[in-house]
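Here is a guided look at one protein model, section by section. Keep the structure open beside the text as you read.

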Amino acid sequence: MNSSQKPAQMQPVHVSHWENLVWWLFLICLILAVHELPKFMVNLSLPAATSTNTSIETGKEKEDEAFLALVFGKVSASHALAIPATAFAAQLNALQQSGYSSVRLSDIQHWRENDAASLSRKPVLLTFEEANRETLEIADKLLLSLRMTALVFVDTDLLDQANINLVSWHQLELMARSGRWEVGISGCPNSNGEYTDPVLLAERINRQRKSLEHHLQMPVLTADCSRSWHPEQNDGASVWSQGLHLAGLQTGFVAAPFGANYRTDPETNLRRIRVAKSWSQADFLAQLANHAPRREAYSDTFQSTQSATAWVVDTGDIAVDNGHLRLLTMNGEKGALMTLSGTEKWQDAEVEVQLSGQPEGQFWLSLRYGTKQPSVRLGIAEGQIILQEYDSNGVYRQLASQVSPTADNTLKLKMVGARAIAYLNGQALLARPIALPEGADHGAFALAVWNKDGEAETLESGQASAEIVKVSATPLFPKSAILAALPGEEAWNQLRQHSEELTTLSPHYFTWQDSKAQASATNDTTLEIFARFHHLRFSPALFIDSNTPLADRAALSEQALLWVKNPAFDGLNIVINHAMAKEGWRTFLNELNQRVSQTGKSLTVTLLANSTQAFSLSENDPLLLITANGDFLPGGPRLLYPLNLAQSSK
């Protein structure tokens, strides 16, 4: 029948447009459901979102300082040289059971860029250095079951070649869409630093980045260089950083000694812990524990070879045997150096080393150690106990020396604030603390031996070594003494008693109350002399009444800046009630901290946990000793937060 003809008896039929609309919507939804169902099922396996908000009250459940990154090589169920699939599964299960949580690189970038952000407790970034097909198939199933995430680095040139040992582009796209995987760039494969031009390096990274983002339809945030730069290319690290910046990448991973990545570390030189196929679950967890930031005291008498995992050996070698740790130089080296892992950012600390016999050559222990960084070291050389300072000009200066009294000696070094105290067999070497050189503000606990003449080992010079039978290292946290502007005899006695453990002396000079500034009428200038003699920071206390309205902030800020400009002051210690630690006052303190820093001074903030603490101190009151909570590192501004004010004031 011609389409233009109509049946003779055909009667018009009423059409329900609403019913048609419903049917069309049903068909559209059905088609969309079929198309999107695989994605929906995959997304059901995504880990729950990690909150980045934190507060003082919940700080213990979050990580504000650092994260660990792991790198896995090949994982296989059959390859002899690979990490066995069963061992890999045991390692990831051990991670989860021990309270570690996998984090995404995007979470880490947000954390680095936002001071108020924090990571989940015991954060670990899982990375894979190549897109090996078998490895990623094993890993993906395990990540799904454990609700973890990971990062894989890819060489797009190899993927374009359809190498059967690697995942295909299609597999990589599915992995990326699952939400379990982030993808980075293999920045310098098959090279030992051959990219000496940052522009050429950036061009290569950009080409790979465009290819990845085109295939995956997601941003690529990072690259890695898993091979060390050639020793002759001293600027290799600089080329790498410049190349990443030119390519628009914020982060990069490098081959470097194991360690944690701190919030303040260079973001283009992030480090990883390479997982060995021989590690048992105990070894695996020990490596993580050893390289995480150390917030607890460490002590070892070297009864197990496991002791060696706590140390990062820079040069030379170490051997642990039957209660002794031996640090020694290797052939062709003039010295050996090792640092206690997890102490890279230590500030205040106390370390003690017990030696068995006199060392061969020179032996040194240091705190706040960093390469070419000003420091103080204590050691033994040629039968002499020596205390030395290393300044910003690269010159060593002797501060004290005496003849070694015995064959076996115990050396102790304590650094608090801007000063150091050295001890030999329990007795102080000097009558008072020494001032630390400028720039010696943080660093690792290090032990070293050097050949007698400081030259590389020869047959004539012999090997430098030391036998260590016990090491202890204790992190300390800033402590301030708040006292009356005119302290009485009891306060003075306490001040002398606690002088070695203090960083800051804060007489109550100023108060802000009823929207007005108040200053003490008379001050004891002897306090300033005492602070200078003991190398204490002199930061008078400014008590802010808890009823102060936020509207006072502008006037209070200007007044505080006027007070802090006094040449006799190192800064101000603002004392507020814990209940005032809210967003409005936090913003005020952060802004004031920036302005105070511009004057060359520092701001300390003391949060009083006791709401009934009076905003005044009389001549007859004892010291108010406030110790920083170990969960919070000194930042800007430093928080001195007593968990128990009654105990802190004893």
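## Two crossing helices

The axes of helix α6 (residues 169-178) and helix α7 (residues 198-216) come within 9 Å of each other and cross at roughly 70 degrees. Axes here are lines fitted to C-alpha atoms, for helices over the stretch in contact, with angles from 0 to 180 degrees between N-to-C directions. Helices (H or I, at least four residues) and strands (E, at least two) are DSSP runs, numbered from the N terminus.

On the α6 side, the meeting residues are Trp-169, Leu-172, Glu-173 and Ala-176, and on the α7 side they are Ser-211, Leu-212, His-215 and Leu-216; contact means heavy atoms within 4.5 Å. By type, the residues of this contact split into five nonpolar, two polar and one charged. In this scheme Ala, Val, Leu, Ile, Met, Phe, Trp, Tyr, Cys and Pro are nonpolar, Asp, Glu, Lys and Arg are charged, and the others, Gly among them, are polar.

## About the model

This is a predicted model, in which local features need pLDDT of at least 70 and side-chain atom pairs count only at pLDDT 80 or more, whereas totals for chains, interfaces and linings use all residues. Residues are numbered from 1 along each chain as its sequence is written, and side-chain values use heavy atoms, leaving out hydrogens and water.

The protein chain holds 14 helices and 38 strands. Of its 650 residues, 49% count as buried, where buried means under 20% relative accessible area, exposed over 50% and partly exposed in between (1.4 Å probe, protein chains only). Among contacts between residues at least 6 apart in sequence, 71% join residues at least 24 apart.

## Two nonpolar cores

In soluble globular proteins, nonpolar side chains tend to be buried together. The largest nonpolar core in this model has 57 residues, and Leu-70, Leu-92, Leu-95, Leu-126 and Leu-172 have the most contacts inside it. Such a core is a set of buried Ala, Val, Leu, Ile, Met, Phe, Trp, Tyr and Cys residues joined through side-chain atoms within 4.5 Å. A second, separate core has 43 residues, including Met-338, Ile-385, Phe-445 and Val-471.

Leaving aside neighbours within four places in sequence, Leu-95 is in contact with Leu-70, Tyr-100, Val-124, Leu-126, Met-148, Phe-284 and Leu-288. Phe-284 and Leu-288 are also among the buried residues of helix α9 (residues 281-291), together with Ala-286, Gln-287, Asn-290 and His-291. The cover over the buried residues of α9 includes β2 (66-72), α2 (85-97), β7 (123-128), β13 (273-274) and β15.

## A seven-stranded sheet

Strand β15 also belongs to an open sheet of seven strands, in the order β15-β18-β28-β20-β21-β22-β23 and with antiparallel pairing. The edge strands, β15 (311-315) and β23 (396-403), each pair on one side only. On average, neighbouring strands of the sheet are turned by 20 degrees against each other, direction ignored.

Within the sheet, β20 (residues 362-369) and β21 (residues 375-381) run antiparallel and are joined by six bridges; two strands pair if DSSP finds at least two bridges between them. Phe-363 stands opposite Ile-380 in β21. In the loop between β21 and β22 (384-390) sits Glu-382, which has a positive phi of about 55 degrees although it is not a glycine. Most residues other than glycine have a negative phi. Glu-382 counts as exposed because its relative accessibility is 65%.

Strand β19 (residues 349-355) has a covered face of Ala-349, Val-351, Val-353 and Leu-355, and an uncovered one of Glu-350, Glu-352 and Gln-354. In a regular strand the side chains alternate between the two faces of the sheet.

β19 pairs with strand β24 (residues 410-416) in the antiparallel sense over six bridges, and Glu-350 has Lys-414 as its bridge partner in β24. β19 also pairs with β29, antiparallel, over seven bridges. There, the partner of Glu-352 is Ser-472, which lies in strand β29 (residues 465-475). Ser-472 counts as buried because its relative accessibility is 19%. Not counting residues up to four places away in sequence, Ser-472 touches Tyr-298, Ser-299, Glu-350, Val-351 and Glu-352.
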